[in-house]
Structures are given as structure tokens and as C-alpha cells.
Amino acid sequence: MREARRSTTATRTGRRLTAAFAGTALAITGLAALAPAASATQINPSVKCSLPAGQGTATGVQAMDVSFSPAVVAPGATVTATVTLGPSPATSPISLTVPTTPTIDLAMSGGATGTVTVVGPEFQIPVQANTPIQTPQYSGTFVVPTTAAGPVTFSPVRTLTYTKVLGSNYQTPCDITSGSGAVGSVTVTGGPGTPATLDAPTTDVRPGTAVQLSGAVWTPNATANVQLCDSAGGSCNPAGFTAKSLVIDAGGNLSGTATLAGTTADGSYRVKVLDGTKEATAPITVKKYVPSGPLQISITPNRGPLNTVVTVSGKNFPANTTVAYALTDSSGIPDDSYYATSTPDGTFTGTIPIYFDTAAAVLAWTGSFGNGNPFASAPFTVATDPPTVSASPTTSHPGGSVKVTGAHWTPNATVSAQLCSPNGATCSAAQIAQGPGTADANGNLNGTVKLASSGIADGQYTLKLTDGTGTASTPLTVQRRWIELDKTSGPAGSWVKVSGHGFGSSAWINVNGLNASGGKTSDWAGAWALPNGDFCIWIWLTRGDDTGVIASETFHPDRNASTPWTVTP
């Protein structure tokens with residue numbers, strides 16, 4: 001997709017602003033709530049927060065309190081956890097509002113093992129400069145394992161917050177280094193529940209691709225949500241997938257795709273699907289595309305007049321990356337840039353108009369241009385070539401249709417047709433019923449001309465096309481009688497159905513093969529024409545020298561029609 005042109009300076013400025021705000025907003029580490037109410041389950045562990053964008057770490061003590069509801073559940077049931085955190089060990093040097101999604105990982109012990117992740121809603125956090133960052137109390141749900149039994153105790157392992165700054169997503173994990181402990185428990189009673197199943201690809205998946213998911217035993221007609229978790233099933237990120245088309249039908253069957261975030265790092269993960277009542281995970285391995293060679297582009301067309309719209313296709317580019325491409329003259333210095341985003345497999349497609357007459361090539365690159373950074377180029381020649389046209393078939397009849405193709409027409413121009421004498425001196429638009437249509441953005445013509453159903457005598461003509469600026473012509477034979485074959489080629493010994501039209505009422509028709517010199521061959525069939533002049537007969541084309549088929553009236557051999565036939569090996 002082509003974006004609006006923008007200057008390189010503007011791009012660099014935007015990146016500096018992004019970095020500046022990221023350095024501020026990413027200090028939202030272990031986002032805290034207002035001071036929690038006294039609780040027997042509150043713990044005060046030491047945490048170490050890893051700040052993104054090379055900002056180092058922040059350490060300190062953070063209060064944590066988590067309550068669970070209901071207190072008694074069945075295996076596979078949903079539990080609501082309400083999370084209250086104390087002030088974060090990090091602060092921000094400036095004030096701003098940051099969209100933030102908080103999560104917390106809880107290790108299970110006792111009646112179940114493993115880790116569950118509680119994900120809160122996205123908050124607009126008003127961060128005050130040099131003030132401990134706080135977030136409201138939040139609630140989220142998780143599903144206890146279907147194999148759980150008896151008391152299950154939960155202990156915080158770490159918090160992980162997701163922030164958005166100027167359109168970019170950032171993560172800030174805060175690991176508990178000491179002082180952790182149980183914050184609560186639930187009692188699991190009853191027989192084992194029936195777990196939902198989840199199937200994910202067993203082959204590597206690319207960042208930015210749609211991952212096919214399926215499963216069964218889900219809550220009928222429920223809404224399916226998806227998260228990306230680490231290989232142990234923790235640190236589940238609701239922003240790990242950027243889009244989804246997951247559906248659970250009335251039978252509890254899950255199907256659809258979830259699009260993996262383009263920034264996902266290589267590694268082993270688990271996909272978690274939740275429907276509000278059930279959840280399940282499945283392993284996936286993420287491996288980004290690695291270019292197999294240098295950057296390459298191709299352009300179509302590579303020659304044309306000013307205002308030609310060129311399609312640019314590239315490969316071996318970094319995956320899920322902004323690609324810049326531009327015209328250049330013989331100096332090799334790019335003009336205004338256009339932009340596209342590469343696919344997870346390192347390809348991209350875009351368009352660019354030829355807007356100056358000294359254009360000599362199209363360049364494409366990522367990052368900044370110059371300073372030895374790689375780029376790809378493809379030459380373009382600015383030239384005004386005369387339009388061309390060809391017709392198929394080259395023989396038609398009144399009311400018949402002819403396909404016409406050509407190149408170098410005025411882009412997006414309407415092309416009209418006339419039927420002219422062989423030397424082109426006399427032309428008539430009235431002998432054309434319709435067509436051929438409009439040239440495309442690259443000046444290519446692919447249309448159909450339909451002849452008028454009356455007023456055209458048998459003979460040789462020139463089909464003349466014009467777009468108001470250029471013209472092109474091609475020979476065309478018109479005959480009142482015509483024949484059609486059910487196929488136009490085949491090996492010697494083929495049976496071919498011949499349909500004829502416009503012959504004499506109830507006339508006897510001879511159908512023969514034709515050789516290259518125009519003579520009839522020994523391949524023959526005969527048929528009576530119907531009162532309306534039509535006939536249909538099969539002929540066995542046995543000869544290797546047949547180049548066509550001819551049908552003629554027995555008593556008026558000059559009343560005939562022919563069509564090409566090609567013998568294939």
C-alpha cells in the first residue's frame with residue numbers, strides 16, 4: 001500500500017520524538033495502584049524491573065495483594081482475581097498519559113502446579129513527573145486446571161506491563177527477587193472437568209503471519225480471545241496477536257486465525273485461547289524470516305511515457321519493516337520517497353508514478369539511504385512508444401466478437417474502434433457495436449470488439465483503434481458464414497466438433513481439412529444445414545499437415561468459411 005510521500009527529515013524527526021517519549025513512558029514499571037487496604041494476604045517482595053530502550057533497571061520493594069473469587073470452584077472453572085499493587089520503584093521525569101495494560105503471573109502450588117496470568121484492562125495512566133507511578137486496582141480471570149484438586153495456593157512471580165507510546169508497544173517486566181509468598185488460595189472440589197483442546201501449527205511461524213488455530217469442547221457460541229505466553233505458559237500478552245478471526249460454533253468447535261505481532265522475537269511460546277469459561281494453550285515456535293540474498297526489486301512496466309504508474313515488487317527485505325522506494329535520475333540520488341510495509345517473508349509491493357522526464361530508475365531500501373546501507377534498483381526508460389494492437393481471431397462475422405490486446409496506450413484512456421478498408425482510407429464506427437473499453441493504468445489494453453450484426457459485407461478489413469492521441473490497426477477478415485471448433489488444437493487423429501452458421505437453407509455442406517497452401521486435404525465430413533443455415537458435425541482430423549478447417553456448400557463452393565487448426569505433438 002502506498003502512503004503519502006514524506007521527507008526524510010520528517011521521518012528522522014518523528015523517530016527522535018518517539019525515542020524521547022519512549023524514554024519517559026517506559027519508566028512505567030510495575031505500575032502501582034493507590035496504597036492497598038490492609039490484608040492478611042499482602043506481601044512486600046523486592047522486585048527488579050527491566051526497563052526497555054536501554055534505560056537499565058529499577059529496584060525496590062512493592063506491595064502486592066490479590067484476592068480470589070469464588071473461594072470454592074470445580075476443576076476447569078473460571079476464577080476472578082482482583083489485584084492491588086503498591087507504588088512502583090520507578091518514576092517518570094515528565095508528565096504524560098500512557099495507555100497501559102497490567103498483568104501479573106501467579107505460581108500455583110498444592111492442588112495444582114504451573115503458572116496462571118491475570119490480565120487487566122487497558123488504562124489511561126496519568127503519570128506525574130518524579131512521582132511514584134500508580135494504576136487503579138484491576139481484575140482479571142483465569143481458569144484452574146481441570147486436573148486440580150483440593151486447596152490451590154497462589155504466589156506472585158512477577159508483574160509485566162504493556163505500554164503504548166506514539167504507536168509503538170513496549171514491555172516492562174518486574175521480577176520478584178526475594179520476599180515472595182502466598183497471597184491467597186481457592187479450594188477445588190468435584191470430578192475432573194472436560195478440558196477444551198487447542199491445536200496450533202507444529203512448524204515454525206513467522207512474526208506478522210496469521211496462525212491457524214482449531215479445537216473442540218469450547219463453550220458453544222462463546223467469544224474467543226487469544227494471548228501469547230512464554231514457553232511455560234506465563235507472561236501472557238494480550239497484544240501478542242494484533243488481529244483475530246476466531247469463531248466458536250454451536251457445537252463448541254474452535255476455528256480461525258490469530259495474527260502474530262510483527263515484532264515477536266524468535267523463540268518458543270504458548271498460544272492461549274480463552275472464551276470466558278474455558279481456556280487452553282498450545283505450543284508454537286516463532287522464527288523470523290532471514291533473507292537468502294541481497295535486496296532485489298522488479299518493476300512493471302520498465303518503459304513508458306510520463307505519468308506511467310509502475311508496480312514495484314521486492315524480495316529479500318527485512319520482514320515486517322517499512323520499505324522506502326523512490327525515483328532517481330542518472331545521478332542515483334532518490335527523489336521523494338514512497339512507503340510500503342514488507343511481508344513476514346520479506347517481500348513488498350507498491351506503486352509509483354513516473355512524474356519527471358529524466359527518471360532513470362526506481363530505488364528501494366530500508367532505514368536511511370546512503371552511508372553504505374544496501375539498496376536495490378531497477379532501470380526505467382521514459383519513452384513515448386506508439387500503441388500496438390492484435391486481434392484474436394483474425395476472422396469474424398457480422399455480430400461476432402474479437403478479443404484485442406495491446407500496449408503503450410494512454411493510461412486509463414477510453415479506446416474506441418472503427419472498421420476500415422484494407423488501406424485504412426475509409427472507416428466506419430457504425431460497423432462496430434461496442435468495445436473495446438479502457439486501457440489500464442500501465443497503458444495495456446485487453447478488451448473485446450463486437451461487430452455490428454448487419455451492414456458489413458464479406459471481405460478484408462482493417463480494425464482501427466484510437467484513444468484520442470494514438471492509433472493502431474490490425475487486419476480483420478469478415479465473412480457472412482462462419483464456423484467454430486470445440487477446440488482449436490490437438491494431435492493428428494483428433495475428433496473435432498464443427499458448428500457452422502450463415503449457410504444456405506438445407507444446403508449440403510462439405511467439411512474438409514485445409515493445408516498450409518489453402519488446399520483441401522482428405523479429411524472430410526458432410527452435413528445438411530438446417531433451414532436457418534446452421535449445421536453441426538464431427539470431423540476426424542487425421543493428417544499432420546492440417547492447418548485449418550473449411551466448410552463449403554456442395555453446389556456453391558464459393559460459399560464457404562474457414563478457421564485455423566493446429567496439430568500438436
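Gln-227 has a relative accessibility of 9% and therefore counts as buried, the cut-off being under 20%. The model is a predicted one, and Gln-227 sits in its strand β14, which spans residues 225-230. Apart from neighbours within four places in sequence, Gln-227 is in contact with Val-119, Cys-236, Asn-237, Pro-238 and Phe-241, and also with Arg-270, Val-271, Lys-272 and Leu-274.

Strand β18 covers residues 267-274 and runs antiparallel to β14, to which 6 bridges join it. Across this pairing, Asp-230 is placed opposite Tyr-269 of β18. Strand β18 is also joined to β19 (residues 279-286), here by 8 bridges and again in an antiparallel arrangement. In that pair Ser-268 faces Thr-285 of β19. The two strands β18 and β19 make a hairpin with 4 residues between them, and Gly-276 in the turn has a positive phi of about 95°.

On the surface, Trp-495, Trp-538 and Trp-540 form a nonpolar patch whose accessible area together is about 390 Å². One of these residues, Trp-538, belongs to strand β44, residues 535-541. Trp-538 has a relative accessible area of 44%, so this residue is partly exposed, a class that lies between 20% and 50%.

As for confidence, the chain has a mean pLDDT of 88, with 93% of its residues at 70 or more. Residues 1-40 have pLDDT below 50, and this stretch makes 104 contacts in the model beyond near neighbours in sequence. Where pLDDT is low, predicted coordinates should not be read in detail.

Note on methods:
Residues are numbered from 1 along each chain as its sequence is written. This is a predicted model: local features need pLDDT of at least 70, side-chain atom pairs count only at pLDDT 80 or more; totals for chains, interfaces and linings use all residues. Side-chain values use heavy atoms; hydrogens and water are left out. Buried means under 20% relative accessible area, exposed over 50%, partly exposed in between (1.4 Å probe, protein chains only). Contact means heavy atoms within 4.5 Å. pLDDT is the predictor's confidence in each residue, from 0 to 100. Patches are made of residues with over 30% relative accessible area and no salt bridge: like charges are joined within 9 Å, nonpolar side chains (Val, Leu, Ile, Met, Phe, Trp, Tyr) within 5 Å. Accessible areas come from the Shrake-Rupley method with a 1.4 Å probe; for residues, only the protein chains shown count as cover. A salt bridge is a side-chain nitrogen of Lys or Arg within 4 Å of a carboxyl oxygen of Asp or Glu. Two strands pair if DSSP finds at least two bridges between them.
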